[in-house]
Amino acid sequence: MTSAASILLVDDDYRLAESMALWLRELDHEVITAGNLDSAKTALRKHAFDLVITDLHLGDEDGFDLITYTRQKHPETSVVVVTGYATPNTAVEAVRAGAYDLLTKPLIDDELALAIDRSIQQRKIRNENDSLRKQLDRRSGMENILSHDYRMLKIFDVVDSIADARASVLITGENGTGKSMIARAIHSRSSRRGGPFIEVACGALPDTLLESELFGHVQGAFTGATNDRAGKFQLADGGTLFLDEIATATPAMQVKLLRVLQEFQFEPLGGSETASVDTRVILATNEDLARAVSSGEFRQDLYYRVNVVNIVIPPLRERVGDIPLLVDHFLREACEAADRDIEGFDREAVAALQAYGWPGNVRQLENVVERAVLLSRHSTLTIDDLPPELTGRTSDVSFASHSAAGAANAPLLTSANLSGKSLREALEAPERTIILQSLRDHHWNRAATADALDINRTTLYKKMKRLGLDDPRLQYAQ
């Protein structure tokens, strides 16, 4: 049987209800009884139930009303119907009204137990699916693009306005501003969200490979082409194709792109058969395409074709007010991933974050927050947890501020001693120095050392064993 459930038992037969409630409580379920529709609704408003078990005939009242009420007001609660007047039509109507199952009186104990078990398990699966769906929505929609800046709010309005348009969209902005996220938001807001979203980094491939990647190829088109292969335009049919770094496309590739964006037709590399697709194309670049057109580096006709709707994402340094919001979001994600309990950055650290120019934009900010969470030993992050490019300090990572008195001589992590090491290996040397110094300062009193380092004693013991600090001879070493 699954874990104990909270159950609302509704029946106008008081003795039967109490007898069934007693049996259910013996199975470790929490049970509240109600004899009519009003008391059942009151109980549902006051308590959160996993399951409602109800008769269809509640005196002069209809149990179908309770099923409908539960489905509308408490959709997370399952309903099992128990009745002595069941017909095939009754069962169909009950399920249509929102009931999970229908049982007939007189009840068989095992049958009721199985129905409860199945309904609770089904509820658990439904809740997990809802959670996964919400996570997917957060990742692909605009819910994960956090901003209070008026320019970003206007971009959100544009995304909603153009989501279902067939026209090409050009997203421009510096590296790390979130162009890919905007493209995904357009896709997820559109009627194509059930289709594929395929991303291609045009600058990562040479021209020949890019043509094959986009349009596919036939067997024998080039050395190594042992069979036919569909391209990204074809794979994205019915969905969205996101072409990043479009300014890197060569003049020959620009000609091919112009045709497919005009006609949505192309021939695979080495082939003669024309393919037609229904693909929404979103393009992005960190270059000034208007300047590239003036210099002859980018075709003017292609520029006007792709620049139907232009979304310009402002750099992070121009929307400083968003930094605390983004920091809080990235901090929660990093703490969850690292299983850390950190309250946040102090005022001095936040001021330093807002004063920095952020050449890497939002992506760089996310990395800085993750780094601080991984390396800090305190519940509040300070300016000492920020990398040197934000603080103006010459050293890379100093652990002195995180140790007890006397650990100021802890070694620094530099590029020289990080070479070829994993993060854990790189952190072991300064961690060992800090713990050893603190143990010496507290005369090897482990409880006092754990308190000074703000960790529990079990964690300290494990670290001492892993770092070789449990050797008694260390206590007598100078």
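Predicted model: local features only at pLDDT ≥ 70, side-chain atom pairs only at ≥ 80, totals over all residues.
Helices (H or I, at least four residues) and strands (E, at least two) are DSSP runs, numbered from the N terminus.

View 1. Residues are numbered from 1 along each chain as its sequence is written, and side-chain values use heavy atoms, with hydrogens and water left out. Buried means under 20% relative accessible area, exposed means over 50%, and partly exposed is in between (1.4 Å probe, protein chains only). Of the 478 residues in the protein, 42% are buried. Contact means heavy atoms within 4.5 Å. Take the contacts between residues at least 6 apart in sequence: 68% of them join residues at least 24 apart.

**View 2. Five strands line up as β2-β1-β3-β6-β7 in an open sheet.** Two strands pair if DSSP finds at least two bridges between them. The pairing here is parallel. At the edges are β2 (30–34) and β7 (101–104), and each pairs on one side only. Neighbouring strands of this sheet are turned by 20 degrees against each other on average, direction ignored. Axes are lines fitted to C-alpha atoms, for helices over the stretch in contact, and angles run from 0 to 180 degrees between N-to-C directions.

**View 3. Strands β1 and β3 run parallel, with helices packed against the sheet.** Strand β1 covers residues 6–10 and β3 covers residues 51–55. They are joined by 4 bridges. Look for L9: its bridge partner in β3 is I53. Helix α1 (residues 14–26) packs on the sheet and touches β1, β2 and β3. The direction of α1 makes about 170 degrees with that of β2. Helix α2 (residues 37–46) also lies across β1, β2 and β3. It runs at about 165 degrees to β1.

**View 4. Another open sheet has the order β9-β10-β13-β8-β14.** It holds 5 strands, and the pairing is parallel. The edge strands are β9 (197–201) and β14 (309–312), each pairing on one side only. On average, neighbouring strands of this sheet are turned by 20 degrees against each other, direction ignored. Strand β8 (residues 169–172) pairs with β14 in the parallel sense over 4 bridges. T172 stands opposite V312 in β14. Helix α6 (residues 150–162) packs on this sheet, touching β8, β13 (280–285) and β14. The direction of α6 makes about 150 degrees with that of β14.

View 5. Leaving aside neighbours within four places in sequence, F242 is in contact with residues including K179, F197, V200, I282 and A284. F242 and K179 are 63 residues apart in sequence, and their C-alpha atoms are 10.0 Å apart in space.

**View 6. F215, F233 and F266 form one aromatic cluster.** Rings of Phe, Tyr and Trp (its six-membered ring) pair if their centres lie within 6.5 Å; planes under 30 degrees apart count as stacked, over 60 as edge-to-face and the rest as tilted. By this rule the count comes to 6 aromatic pairs. The ring centres of F233 and F266 are 6.1 Å apart and the planes are at 45 degrees, so this pair is tilted. F233 lies in helix α9 (residues 232–235) and F266 in strand β11 (residues 265–266), so the pair ties together parts that are 33 residues apart in sequence. F233 is buried at 0% relative accessibility. F266 is buried too, at 4%.

**View 7. Y303 and Y304 form a tilted aromatic pair.** The distance is 5.5 Å centre to centre, with 55 degrees between the planes. Which of the two is buried, and which exposed? Y303 counts as buried at 15% relative accessibility. Y304 is exposed, with a relative accessible area of 54%.

**View 8. R166 lies over the face of F264.** A charge sits over a ring if NZ of Lys or CZ of Arg is within 6 Å of the ring centre and within 35 degrees of the ring normal. For R166, the distance from the ring centre is 4.0 Å.

**View 9. Cysteines C202 and C335 are both buried.** The relative accessible area of C202 is 3%, and the relative accessibility of C335 is 9%. A disulfide is a pair of cysteine sulfur atoms within 2.5 Å. The structure holds 0 disulfides.
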